[in-house]
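Subject: Structure handover

Hello,

Here is the structure for you to take over. Please have it open while you read the notes below.

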Amino acid sequence: MTPERFSECLLHIRWTPINIAVALQCELSWIEALEAGNEEIPAGLAAWLETLAQAHEALPPPVTYRGKGSKL
């Protein structure tokens, strides 16, 4: 996985680098190094992110609820 695809997957999943660092319970600096291309993205992590990104691409959020607010 390229650093560009890594970042693209995060966008599809709607995660920031902080979100994935929390999910993986790893250092934010490592995630930043992956994004910058300073560390190689492990194959297992790449496969997991691709699966999540593809699911989010195939199942976008419903538009029915856009603009909804509370009646309280």
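Which residues of the largest nonpolar core touch the most other members? They are F6, I20, I31, L34, I41, L45 and L49, out of 13 residues in that core. Four helices each supply at least two residues of the core: α1 (3–13), α2 (17–24), α3 (28–36) and α4 (43–58). Please keep in mind that this is a predicted model.

**The core, seen from F6**

Leaving out residues up to four places away in sequence, F6 touches M1, I20, I31, L34, E35, I41, L45 and L49. Among the residues with the most contacts inside the core are I20, I31, L34, I41, L45 and L49. F6 touches each of those six.

**Helix α3**

The buried residues of α3 are I31, A33 and L34. They sit on the same side of α3, because they cover an arc of only 160 degrees around the axis. What do these buried residues pack against? Their partners are α1, α2 and α4. Just after α3 comes G37, with a positive phi of about 85 degrees.

**Salt bridges**

The count comes to 2 salt bridges. R5, E8 and E50 are linked by them in a network.

R5 is buried, with a relative accessible area of 18%. E8 is partly exposed, at 37%. The cut-off matters for R5, because buried means under 20% relative accessible area.

R5 also forms a salt bridge with E50, where the closest N and O atoms are 2.9 Å apart. Here R5 is in helix α1 and E50 in helix α4, so the pair ties together parts that are 45 residues apart in sequence.

**H12**

H12 lies in helix α1. Is H12 buried or partly exposed? Its relative accessible area is 27%, so H12 counts as partly exposed. Not counting residues up to four places away in sequence, H12 touches R5, A53, H56 and E57. With E57 there is also a polar contact: the side chains of H12 and E57 are joined at 3.1 Å.

**The aromatic pair**

How many aromatic pairs does the structure hold? The count is 1. W15 and W48 form the pair, which is tilted. The centres are 5.8 Å apart, with 45 degrees between the planes. The pair links distant parts of the chain. W15 is in the loop between α1 and α2, and W48 is in helix α4, 33 residues apart. W15 is partly exposed, with a relative accessible area of 24%. W48 counts as partly exposed too, at 35% relative accessibility.

**Backbone angles in the loops**

R14 has a positive phi of about 70 degrees, although R14 is not a glycine. R14 is in the loop between α1 and α2. W15 is in that loop as well. Q25 has a positive phi of about 55 degrees, and Q25 is not a glycine either. Where does Q25 sit? Its place is in the loop between α2 and α3. Q25 is exposed, with a relative accessible area of 75%.

A43 is found in helix α4. A43 is exposed, with a relative accessible area of 64%. A43 and M1 are 42 residues apart in sequence, yet 7.7 Å apart in space, C-alpha to C-alpha. M1 is also one of the residues that F6 touches.

**In short**

R5, E8 and E50 form the salt-bridge network. W15 and W48 make the aromatic pair.

Best regards

Methods:
Residues are numbered from 1 along each chain as its sequence is written. This is a predicted model: local features need pLDDT of at least 70, side-chain atom pairs count only at pLDDT 80 or more; totals for chains, interfaces and linings use all residues. Side-chain values use heavy atoms; hydrogens and water are left out. A nonpolar core is a set of buried Ala, Val, Leu, Ile, Met, Phe, Trp, Tyr and Cys residues joined through side-chain atoms within 4.5 Å. Buried means under 20% relative accessible area, exposed over 50%, partly exposed in between (1.4 Å probe, protein chains only). Contact means heavy atoms within 4.5 Å. Rings of Phe, Tyr and Trp (its six-membered ring) pair if their centres lie within 6.5 Å; planes under 30 degrees apart count as stacked, over 60 as edge-to-face and the rest as tilted. A polar contact is a pair of N or O atoms within 3.5 Å; within protein, one must be able to donate a hydrogen and the other to accept it, and residues adjacent in sequence count only if both atoms are side-chain atoms. A salt bridge is a side-chain nitrogen of Lys or Arg within 4 Å of a carboxyl oxygen of Asp or Glu. The arc is that of the directions from the helix axis to the C-beta atoms.
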